[in-house]
Every structure is written in C-alpha cells, then in structure tokens.
Amino acid sequence: MPHLTIEYTDNLAGFPEAEVLQAVNAAVASHPQIPEEADLKTRLVRVSRFEIGTAPANRAFIHAQLRLLSGRSPEAKKELTTRIADVLRRLAPRPEGVLVQLSAEIVDMDRPSYSKERL
Amino acid sequence: MPHLTIEYTDNLAGFPEAEVLQAVNAAVASHPQIPEEADLKTRLVRVSRFEIGTAPANRAFIHAQLRLLSGRSPEAKKELTTRIADVLRRLAPRPEGVLVQLSAEIVDMDRPSYSKERL
Amino acid sequence: MPHLTIEYTDNLAGFPEAEVLQAVNAAVASHPQIPEEADLKTRLVRVSRFEIGTAPANRAFIHAQLRLLSGRSPEAKKELTTRIADVLRRLAPRPEGVLVQLSAEIVDMDRPSYSKERL
C-alpha cells in the first residue's frame, strides 16, 4: 500500500533517477512497518514549471510524499521520513550557487475506504 | 468539487485512456453523493519514472485518488472506491507476466477553507 | 514549508504560466502566516488528459492545492485560498464557450513527521 512520490526540480541537472528509485525503495521497504516490499509504489516526478519564493535567487527543491494507511505511530512515521531524507541527501546533486531544499512528509490514507487488489 | 486523479504506469501498453475517463466519470457522477456531474474533474496521469518494491520483477500499478469535501459517510466513501475500482479492473490491460496492482483512496478536503467558483 | 501545486487544463490556451507563478507566490508569501518567502515552493502542472463531468460540454479547470504544516487557524486558511483564487481569477484565460472552474484547497501536513533541510 505505501505510495511514494518524489518530486525534483529540473534545474538539478544529473539527478540520478534510477539510483534514487532503487535506494529509496530499499530504505523504505526494509522498515518493519512496510510488511511487503512489492506494495511500495514509488514515482519520480521531474518538475519543469516552478517558482520558489519571491526573491530573484537560484533555487531548487526535492520533496517526497509517502502515503500510508492510517494507524502508524508517530515514531514510525518520523523514522520513515528520516530514511527517505537520508537517501535523498546522499544522492541529490548540489549545483554551484543553487539553494536546494529537501523535504519529506507522511500522509495518512483513509483505511476504511481504501481499495486494493492484484489483477 | 470532486477531484479525481488516476495514475497508471506506462508499462501498461494499450491503457484505454479515453474509455477509462468516460467510464469512471459515469460511475462516480451517478453516485447520490455527487450532486452535479459537471463538478467531477478527473485527470489521468501516465507515470513514466517509477519503481515498485525492490525485487527484480515486472510490475505495474494503477492508483486512483478521489478528493471530496469532508462530511461523506464511511459507507459512501467505500461505495465510491468500489465503483472506481470496478471500472479500472474491467478496463485495465493485463500484460503477460506483469503483476498489476490496482488501488483507490478517498481523501477528505478541508471544507471551511475550500474555494470554488465558475469564471 | 508551504507546498503549492496549481493544475490547469491545456484547453486554457495562453495560460500565463510565468505571470501566474510570480503573482501567486507574491500573494501567498506576503501573508503573515508564511514567515519565509524562500520556503514557498510552487509547481504548475499542465493537465493534458482529463474529463470534466459526463455531459458533452466544453469545460476547463484550474485547481490549486496549498499544503501547510498543521496548526494554522481556519481564518488564515480561508485567507490563503482567497488570495490564491484572486490571482487565478485575474489571470485565467476565458476561452469563448468554455466553462472554466476555479478551485483552491488547503491541506494540513503532519507536523511531527515532517522533515525539512537545506542542502
């Protein structure tokens, strides 16, 4: 069930897409709260139209959103954003003169209405 | 007000986009909790950068997210994800050797701050 | 921390992307609840696969989603969607014969698990 979406701005030249996907999935799927590796569905979104703040500065961002069925403890959630941020911090390009912001959030999904199956 | 987003991975060749959009809108808009058909705004997102789990397997997913103003009953929400899943199960391609996961979630939108108008 | 995503359907020819990004960021970042302008990360998403309702009509939409760390008052949230809608109403194209829907929502992000840093 976990759904992970990682956005990154396209001024982060050389963002290692395949490596990020594999490393972040390994980090998240090995957490005890993620019982089945096959359930982790991760998307990478390259953001080409964006604006960060209002000052005329050179800025970029990477943002991860992990959606989980509700019921995880605050501790488990914090561990998961930490694991994701650790991977992204390690692999993110740092272009000269660009301020790069990295963030990660957890979203609780409504459990009673969630529908899931394998076709 | 309902906002529906359906993502599908691009290894689902032949995904019938127009047919899915029409069928899913018909199924959702005819539910008693959706008073005005014109309010249902559905996007289809073809996902090209993704990774499912960690095992070297051939996997795909389809995921629907329906955003509603808060206040619907748990029963109505479950009916809506069931309707959406029914359409997607019927129309989804099933490529040989690919494990396809299908999921659907409801998200409550904050009603007091929601803004809506017709231009 | 605020994350703003603005979607618009691609039948809104001439949508002024750069102008919208700058105007909406100016409007949001100047709100007292947004302490640091550099934190506002706005994406514009051009939606090319969509279906609005079920009737054979010519329809378009613009939808904004602002994600904030939880804890803002209902009044502040309403002010923020109002500011966003004001900008979009002013700048949105109004193609002849097309019904354009404009909406904006606020989403509370889970504060304890949120992770944020500058690289």
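How many nonpolar, polar and charged residues does the lining of the second largest pocket have, by class? Let us look at close-up views of this predicted model, in which local features need pLDDT of at least 70 and side-chain atom pairs pLDDT 80 or more, while totals for chains, interfaces and linings use all residues. Residues are numbered from 1 along each chain, chains are lettered from A in the order written, and side-chain values use heavy atoms, without hydrogens and water.

**View 1. The second largest pocket.** Its lining has nine nonpolar, no polar and 14 charged residues. Here Ala, Val, Leu, Ile, Met, Phe, Trp, Tyr, Cys and Pro count as nonpolar, Asp, Glu, Lys and Arg as charged, and the others, Gly among them, as polar. Among the residues nearest the centre of this pocket are V107(A), V107(B) and V107(C).

**View 2. Where chain C meets chain B.** You will find 29 residues of chain C in contact (heavy atoms within 4.5 Å) with 28 residues of chain B. The side of chain C that touches chain B divides into 13 nonpolar, seven polar and nine charged residues.

**View 3. Salt bridges between chain C and chain B.** Five salt bridges (a side-chain nitrogen of Lys or Arg within 4 Å of a carboxyl oxygen of Asp or Glu) cross this interface. R49(C) pairs with E17(B) in a salt bridge, their closest N and O atoms lying 2.6 Å apart.

How values were computed:
1 Å grid on protein atoms, 1.4 Å probe; cavity = no way out; pocket = protein on both sides within 12 Å on 5 of 7 lines; lining within 4 Å.
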